[in-house]
Amino acid sequence: MDYPNLINSRLEAQNITLGYDNKTIITDLSLGILSGKITILIGANGCGKSTLLKGLARLLKPKQGSVYLDGKAISKLSSKQVAKTLGILPQNPSSPEGLTVKELVSQGRYPYQNWWQQWSKEDETFVNQALISTDLRSLADRPLNSLSGGQRQRAWIAMSLAQNTDILLLDEPTTFLDLAHQIEILDLLHELNQTAQKTLVIVLHDLNLASRYADYLVAMKQGKIYAQGTPEIVMTEEVIEAVFNLESHILPDPITQKPMCIPIKKLT
């Protein structure tokens with residue numbers, strides 16, 4: 001049965017329970033992702049952020065409940081239908097040895113391939129546009145393993161762009177990057193959201209970067225949503241204490257005026 005969309009939401013979780021084997025991580029969770037906005041998931045290690053992302057992307061089947069894409073149960077859609085609408089960039093993605101940047105980006109077009117049409121001018125156009133958007137055109141023929149961490153991450157994002165999905169889920173896209181490259185990647189994602197109206201769902205550890213770039217924050221604790229809303233609603237001293245067991249001061253970011261967390265001490 002089709003499930004009616006929440007207002008301005010194309011991707012929804014309804015009462016989902018997720019886990020691995022006999023271990024349950026998330027219980028009876030519901031969440032609507034705002035279309036055309038940047039939603040960022042925050043929370044302590046092990047709270048279920050990555051598990052939720054996998055559930056939304058159909059990489060992990062709910063034990064109970066359902067995920068809906070455009071009002072239809074995502075489990076009932078074909079893999080190609082899902083891949084043409086929703087893309088996911090997991091943590092630490094790996095690629096075959098010696099793959100060039102353009103070869104990696106071209107893999108984003110696989111959902112559009114079939115036995116009678118292997119490659120088209122449209123495929124080439126989307127690949128080239130993705131390379132331009134991520135400023136990788138000059139590196140197109142370079143082996144992926146010869147690039148810096150920030151360049152490699154841009155290449156993976158370019159592959160997701162070539163896939164031409166409206167919705168993009170990213171699990172810790174700034175992991176192992178220095179601060180300058182973290183800003184570079186998040187600025188790129190923000191620009192894609194603004195210029196192409198991409199709906200982005202991102203897992204981030206850095207609270208202040210999450211607050212700066214998010215339209216909507218979701219704070220998770222022990223497999224449940226503890227708080228959700230704009231950064232002004234979620235980034236409070238009370239929420240930070242409850243979710244992270246951390247005493248803090250919340251001040252306005254001098255650049256964006258969004259809430260900024262100043263940690264004081266871990267609570268016992």
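Angles under 35 degrees count as roughly parallel, over 145 as roughly antiparallel, 65 to 115 as roughly perpendicular, and the rest as oblique. Helices are DSSP runs of H or I with at least four residues, strands are runs of E with at least two, and both are numbered from the N terminus. This is a predicted model, in which local features need pLDDT of at least 70, side-chain atom pairs count only at pLDDT 80 or more, and totals for chains, interfaces and linings use all residues. Residues are numbered from 1 along each chain as its sequence is written, and side-chain values use heavy atoms, with hydrogens and water left out.

**Stop 1: a helix pair**

Select α5 (residues 149–162) and α6 (residues 179–196). Their axes lie 10 Å apart, at an angle of about 20°. Axes are lines fitted to C-alpha atoms, for helices over the stretch in contact, and angles run from 0 to 180 degrees between N-to-C directions. α5 and α6 are therefore roughly parallel to each other.

Now show the side chains. From α5, the contact uses G150, Q153, R154, I157 and L161. From α6, it uses H181, E184, I185, L188, L189 and L192. Contact means heavy atoms within 4.5 Å. By class, six of these residues are nonpolar, three polar and two charged. Here Ala, Val, Leu, Ile, Met, Phe, Trp, Tyr, Cys and Pro count as nonpolar, Asp, Glu, Lys and Arg as charged, and the others, Gly among them, as polar.

**Stop 2**

The crossing is right-handed. F126, V127, A130 and S133 of α4 meet A158, L161 and A162 of α5. The contact has six nonpolar residues, one polar and no charged.

**Stop 3: the cores**

Which residues touch the most other members of the largest nonpolar core? Select I40, I157 and L189, out of 49 residues in that core. α5 gives the most to this core, with seven residues. A nonpolar core is a set of buried Ala, Val, Leu, Ile, Met, Phe, Trp, Tyr and Cys residues joined through side-chain atoms within 4.5 Å. Buried means under 20% relative accessible area, exposed over 50%, and partly exposed in between (1.4 Å probe, protein chains only).

Zoom in on I40. Leaving out residues up to four places away in sequence, I40 touches I202, L204, A210, Y213, A214, Y216, L217 and V218. A second, separate core has 29 residues, including A13, I26, L52 and V67.

**Stop 4: loops**

Go to T100, in the loop between β6 (86–89) and α3 (101–106). Is T100 buried or exposed? Its relative accessibility is 16%, so T100 counts as buried.

Next comes D70, between β4 (64–69) and β5 (72–73). Phi of D70 is positive, near 50°. At 35% relative accessibility, D70 counts as partly exposed.

Finish at Q222, between β9 (216–221) and β10 (224–229). Q222 also has a positive phi, about 50°. Q222 counts as exposed, at 68% relative accessibility. Most residues other than glycine have a negative phi.

Methods:
A crossing is left-handed if the near helix is turned anticlockwise from the far one by less than a right angle, and right-handed if clockwise.
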